[in-house]
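Here is a short report on how one protein chain holds together. Keep the sequence and the 3D view open as you read.

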Amino acid sequence: LAVCTALTVTDDTALLRKNIISDIQSDVDDIIADKHGHKVLLQLLCPFSPRYFTPELIAIMRPRAIEISKRVEPENEGDEATTLETKLGLSKKDDLLRRRELLQDGLW
């Protein structure tokens, strides 16, 4: 599940291709035959498919967004305070674009 989640939320696809996809490519026969390893390939080929993943597994692999707000006090007395809002746990990259980049060289 950790690898499936990493493939889902990591924006740095070059890093993923170098460290994860290259390992998958070199051991694809063993991964396909493995009781749990084939789920990594299924996540790449048909992400979050209820046909292959239970709702509980999908909930784990797809992290919830956490909104964080922080009030920033002004540097000058006459200025107003501002609020910075950030969402954590979500990828900034589009899911389809990430998948295309990960699979651009193929798995075999």
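This is a predicted model: local features need pLDDT of at least 70, side-chain atom pairs count only at pLDDT 80 or more; totals for chains, interfaces and linings use all residues.

Arg98 has another partner. Its side chain also meets that of Asp11 in a salt bridge, at 4.0 Å from N to O. This pair links distant parts of the chain. Shared partners join Asp11, Asp95 and Arg98 into one network of salt bridges. Arg98 is buried, at a relative accessible area of 3%. Asp11 is partly exposed, at 27%.

## Other salt bridges

How many salt bridges are there by this rule? The count is four. One of them pairs the side chains of Arg71 and Glu73, at 2.9 Å from N to O. Is Arg71 buried or exposed? Arg71 counts as exposed, because its relative accessibility is 55% and the cut-off for exposed is over 50%.

Helix 6 covers residues 95-103. At its start, a side-chain oxygen of Asp94 comes to within 3.3 Å of the backbone nitrogen of Leu96.

Which residues of helix 6 are buried? They include Arg98, Glu101 and Leu102. These residues cover an arc of only 100° around the axis, so they lie on the same side of helix 6. The buried residues of this helix pack against helix 1, helix 2 and helix 4.

Now take Glu101. Its side chain makes a polar contact with the side chain of Lys93, at 2.8 Å. Leaving aside residues up to four places away in sequence, Glu101 touches Thr13, Arg17 and Lys93.

## The nonpolar core

The largest nonpolar core has 17 residues. Those with the most contacts inside this core are Leu7, Ile21, Ile24, Leu44 and Leu102. Several helices supply two or more residues each: helix 1 (2-9), helix 2 (13-26), helix 3 (28-33), helix 4 (38-45) and helix 5 (55-61).

Leu102 is among the core residues with the most contacts, and it is one of the buried residues of helix 6.

## Cysteines without a disulfide

A disulfide is a covalent bond between the sulfur atoms of two cysteines. How many disulfides does a search of the whole structure find? It finds zero.

Cys4 is in no disulfide, and its nearest cysteine sulfur is that of Cys46, 11 Å away. A disulfide would need the sulfur atoms to be within 2.5 Å.

Cys4 counts as buried, at 2% relative accessibility. Cys46 is partly exposed, with a relative accessible area of 23%.

Note on methods
Residues are numbered from 1 along each chain as its sequence is written. Side-chain values use heavy atoms; hydrogens and water are left out. Helices (H or I, at least four residues) and strands (E, at least two) are DSSP runs, numbered from the N terminus. A polar contact is a pair of N or O atoms within 3.5 Å; within protein, one must be able to donate a hydrogen and the other to accept it, and residues adjacent in sequence count only if both atoms are side-chain atoms. Contact means heavy atoms within 4.5 Å. A nonpolar core is a set of buried Ala, Val, Leu, Ile, Met, Phe, Trp, Tyr and Cys residues joined through side-chain atoms within 4.5 Å. Buried means under 20% relative accessible area, exposed over 50%, partly exposed in between (1.4 Å probe, protein chains only). The arc is that of the directions from the helix axis to the C-beta atoms.
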